[in-house]
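Load the model in a viewer and keep the sequence panel open. The stops below say what to select and what is there.

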Amino acid sequence: MLSLDLSFFSIAGPAVMFAGISKSGFGSGAAFAAASILALVVPPAMALGVMLPMLMLIDVASLRPYWGKWRWQDAKLMIVGGVPGVAFGVVLFTMVSDDALRVLIGAISVGFVVWQLSVGQGLIKLGQMVWPDWIGWIAGFAAGFTSFVSHAGGPPAAVFLLSRGLSKTEYQASTVLIFWAINAAKFVPYAFLGMFTVQTIQANIVLAPFALLGAWLGVKAHHLVSERLFFGFTYLVLMVTGMKLIWDGLF
């Protein structure tokens, strides 16, 4: 059961707003931190069910500011790969327990931080070569799968898109379009898996203003706020929540 009390909304409200800022201003990479945070206080499937409509609302709010600024050829490759990735996520999701999901979401959270820090330290090179089109399909598949099980499709998208020489705004606009399509593809499977309930819908109604405010702030921050500061805070949150989820899932 989802307890829609002050303690829930004191966590969920800032988490959803944070997701809006990330998705609409910084390439969607850290938006899944919101689902990781919620999974600390509610069952993982319920956390994912609460977050998906909020992410879809943020997607819609972000489309207009970036309309037509994406790199369509690159975005199309990832969308085509993303749909079967979502289907693979459905298969896995039906086979795992809540604790397994906690470990999976936690591992993805920690892995994301390790990946990003490795890129920042130059241990992993992105953008050094232009990946061929078929890599875009594979990256899309990975993005669709990780997005389905944890709303964490950002890293696979980054690997491909950053190799294609996109500008900052082209990259941001492309991620908005890609995850708008992937999140839309996730909606029906989520519904059939029972991840939407009367309580999650009630939570969504209350959380919608936080999502819209976050999306608006993210568009503004895209041009104003230091990405290093934003993601530094994000990595800390993800590392702590990821390790906590792994601990809870294992012990």
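A nonpolar core is a set of buried Ala, Val, Leu, Ile, Met, Phe, Trp, Tyr and Cys residues joined through side-chain atoms within 4.5 Å. Keep that in mind for the later stops; the model is a predicted one.

**Whole chain**

Select the chain and colour by secondary structure: there are 10 helices and zero strands. Read along the sequence, the pattern is α-α-α-α-α-α-α-α-α-α. The C-alpha trace spans about 50 × 35 × 35 Å along its principal axes.

**Confidence**

Now colour by pLDDT. The chain averages 83, and 90% of the residues score at least 70. Select helix α4 (residues 72-93), which has the highest mean pLDDT among the elements, 93. Then select helix α10 (residues 227-250), which has the lowest, 74.

**Surface and interior**

Buried residues account for 52% of the 251 residues.

**The largest nonpolar core**

Which residues touch the most other members of the largest nonpolar core? Select Met 51, Met 78, Leu 161, Ile 178 and Leu 207; the core holds 61 residues. Helix α3 (residues 44-63) gives the most to this core, with 11 residues. In soluble globular proteins, nonpolar side chains tend to be buried together.

Centre on Leu 207 and hide its neighbours within four places in sequence. Leu 207 is then in contact with Phe 9, Ala 12, Gly 13, Val 16, Val 50 and Met 54.

**Thr 200**

Move to helix α9 (residues 198-224) and pick Thr 200. Is Thr 200 buried or exposed? Its relative accessible area is 1%, and the cut-off for buried is under 20%, so Thr 200 is buried. A polar atom of the Thr 200 side chain lies 2.8 Å from the backbone nitrogen of Thr 197.

**Ser 150**

For the last stop, select Ser 150 in helix α6 (residues 133-150). Ser 150 counts as buried because its relative accessibility is 0%.

Notes: Residues are numbered from 1 along each chain as its sequence is written. This is a predicted model: local features need pLDDT of at least 70, side-chain atom pairs count only at pLDDT 80 or more; totals for chains, interfaces and linings use all residues. Side-chain values use heavy atoms; hydrogens and water are left out. Buried means under 20% relative accessible area, exposed over 50%, partly exposed in between (1.4 Å probe, protein chains only). Helices (H or I, at least four residues) and strands (E, at least two) are DSSP runs, numbered from the N terminus. Contact means heavy atoms within 4.5 Å. A polar contact is a pair of N or O atoms within 3.5 Å; within protein, one must be able to donate a hydrogen and the other to accept it, and residues adjacent in sequence count only if both atoms are side-chain atoms. pLDDT is the predictor's confidence in each residue, from 0 to 100.
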